[in-house]
Amino acid sequence: MSDAPRSEKIWMDGELVDWDKANVHVLTHTLHYGLGLFEGIRCYKTDKGSAVFRLEDHTKRLFDSAKITGIKIPFSQDQISEAVIQTIRVNKLEECYIRPLVFLGDNKRGLNCNGVNVHLAIAVWPWGAYLGEEALSKGIRVKVSSFTRHHENIFMTKAKICGAYVNSIMAKLEAVNMGYDEALLLDPSGHVAEGSGENVFIVRHGKLKTPPLTSVLEGLTRDAALKIAADQGIEIEEQYFSRDEMYIAEEAFFTGTAAELTPISSLDDRIIGDGGMGPITKTLQAALFEIIRGKNPKYSGWLSLV
């Protein structure tokens, strides 16, 4: 029996269905060829009730992915955002992970997907810290992957496309099987790009640095970290850097909806800083968790109450 977290209902094409009945045909196009879109969103418990973090931004990014890939989603952004809220409510979850998935159906075969039916599902389930609770305070061990992040002209890197994540899966498996917690992928030029499912930051000479968006996903937690850092008066640089610069950084961390803001304690067995959570990382993480818990009214617009 699976030990994967689950809930009672899944929203599928406008209807709430039982978890075990949310099924598709084995010849579903996305299953065979990987052309589908998804988002990862979180809902947190706040003093005012449960709230979804940056729901409208996530929904917009799903539509941006659809535009990039030429997929026409048969629902509006408002309908999807409301469906997310509805699905959380019906499952009676105070906190959860949210997975909207756009996928192509089984009414056509072959690579030409013109005319294939487009479907949309929204699942929610309880999910704690993606990399483990201790990782949020003690940090994680990371390995530079032998797999390279997609070049932006080989795969459109601004879209969250299902098939694109095979690259991330291979990198993640490689790192875990070697005894590490996470992988770090380099871009085709050899610069640091991102983790298997996270954006990456370092602190060098007191400045916060993160790779530009050329070949990495426009992470919404990445964006949040940059906005928080700016408000904290931390100097920011969006520029390329090498793995050896990361070795000698004072601090490093990953950001992502699943990973939230997780310190990196070592890379390729080189201890980063003192191997713990550095002061800038600690400041940004604390500020982020205050925001998602509804304790900073300045950022209340990032929360959609359930």
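Hi everyone, let's start at W127, which counts as partly exposed at 33% relative accessibility; that class lies between buried, under 20% relative accessible area, and exposed, over 50%, using a 1.4 Å probe and protein chains only. What we have is a predicted model, where local features need pLDDT of at least 70, side-chain atom pairs count only at pLDDT 80 or more, and totals for chains, interfaces and linings use all residues. Residues are numbered from 1 along each chain as its sequence is written, and side-chain values use heavy atoms, with hydrogens and water left out.

Now, the aromatic rings. Rings of Phe, Tyr and Trp (its six-membered ring) pair if their centres lie within 6.5 Å; planes under 30 degrees apart are stacked, over 60 edge-to-face, and the rest tilted. The structure holds eight aromatic pairs.

Next, strand β15, residues 260-267. Strands here are DSSP runs of E, at least two residues, numbered from the N terminus. How many of the residues in β15 are buried? Eight of its eight. Two strands pair if DSSP finds at least two bridges between them. Strand β8 runs parallel to β15, joined by three bridges, while β14 runs antiparallel to β15 with four. β14 and β15 also form a hairpin, with three residues between them.
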